[in-house]
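Me: I have a chain open here and want a quick run through its packing. Can we start with burial?

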Amino acid sequence: LILGVAALCLWWRWDAIPQRFPIHSDLYGRPNGWAMKSWHSVFGSVLLGTLCCLFLGLFMNAFARGMRRVHSSGSDGEKESRFLKTILWMLLGLEYCMAAMLGFSPILPPRLMTILLVALSLLGLAAVVVTIRSGQGGWRLRGQSSTSTPGHQAPAGDRTPDECWKGGLFYYNPADPAVFVEERFGVGWTLNLGNPRAWLGLGATLLFGAAVLGLSSLLMRN
């Protein structure tokens with residue numbers, strides 16, 4: 001919706017767009033990236049924003065559906081669900097900021113573009129901080145995990161076989177339907193390289209990167 005409104009605004013204000021307009025600015029709001037006015041440069045930003053938001057939305061959906069849950073119920077399950085929802089909300093915030101910044105870049109004041117860029121950076125940093133502070137699966141959200149208190153069963157671990165971890169870093173298990181599993185070290189998730197959908201995702205990521213580079217060069221063309 002944001003990108004659709006942006007396209008209509010750009011079409012409506014076409015005559016007001018200068019022949020050389022800023023598409024990037026530094027932290028002080030001073031333009032340091034420029035593009036010449038043309039149909040491909042003006043509406044290329046909308047197309048780039050659409051591509052980025054589409055990829056991020058598909059990734060969020062695939063992550064939510066294809067991730068292995070360690071705890072499905074109980075207090076630990078609630079912590080894990082809250083942790084995942086927090087991460088997904090932050091990614092959604094990134095998507096909104098990205099849509100506004102890329103969609104309206106030909107007509108946004110440089111200072112406002114800087115504000116959106118800072119918001120993007122802060123959201124990304126916040127996602128990392130929340131992930132580290134919450135612990136893997138969100139087990140630190142309410143102090144110590146219930147599974148570690150007396151009278152409860154031992155921690156469930158990550159529910160993946162040890163022999164399927166190659167070098168402790170790469171997970172390969174064709175019998176596991178999960179696409180994403182928790183890392184064995186630190187926080188975060190990794191792909192199950194034994195699942196064909198993981199390779200499809202890697203291929204889609206490479207295609208997305210190539211498309212972004214192509215559209216960016218088109219946008220910057222003078």
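Me: What share of the chain is buried?
Reply: Of the 222 residues in the chain, 41% are buried, meaning under 20% relative accessible area with a 1.4 Å probe, protein chains only. This is a predicted model, in which local features need pLDDT of at least 70, side-chain atom pairs count only at pLDDT 80 or more, and totals for chains, interfaces and linings use all residues. Residues are numbered from 1 along each chain as its sequence is written, and side-chain values use heavy atoms, with hydrogens and water left out.

Me: How many residues has the largest nonpolar core, and which have the most contacts inside it?
Reply: That core has 22 residues, and Leu91 and Phe180 have the most contacts inside it. A nonpolar core here is a set of buried Ala, Val, Leu, Ile, Met, Phe, Trp, Tyr and Cys residues joined through side-chain atoms within 4.5 Å.

Me: Which element gives the most to this core?
Reply: H3, with eight residues. Helices are DSSP runs of H or I with at least four residues, and strands are runs of E with at least two, numbered from the N terminus.

Me: What does Phe180 touch?
Reply: Leaving aside neighbours within four places in sequence, Phe180 is in contact with residues including Phe59, Phe63, Met67 and Trp189; contact means heavy atoms within 4.5 Å.

Me: Switching to helices, at what angle do H2 and H3 pack?
Reply: H2 (residues 39–66) and H3 (residues 74–103) pack at about 170 degrees, with axes 8 Å apart. Axes are lines fitted to C-alpha atoms over the stretch in contact, and angles run from 0 to 180 degrees between N-to-C directions.

Definitions and conventions: Buried means under 20% relative accessible area, exposed over 50%, partly exposed in between (1.4 Å probe, protein chains only).
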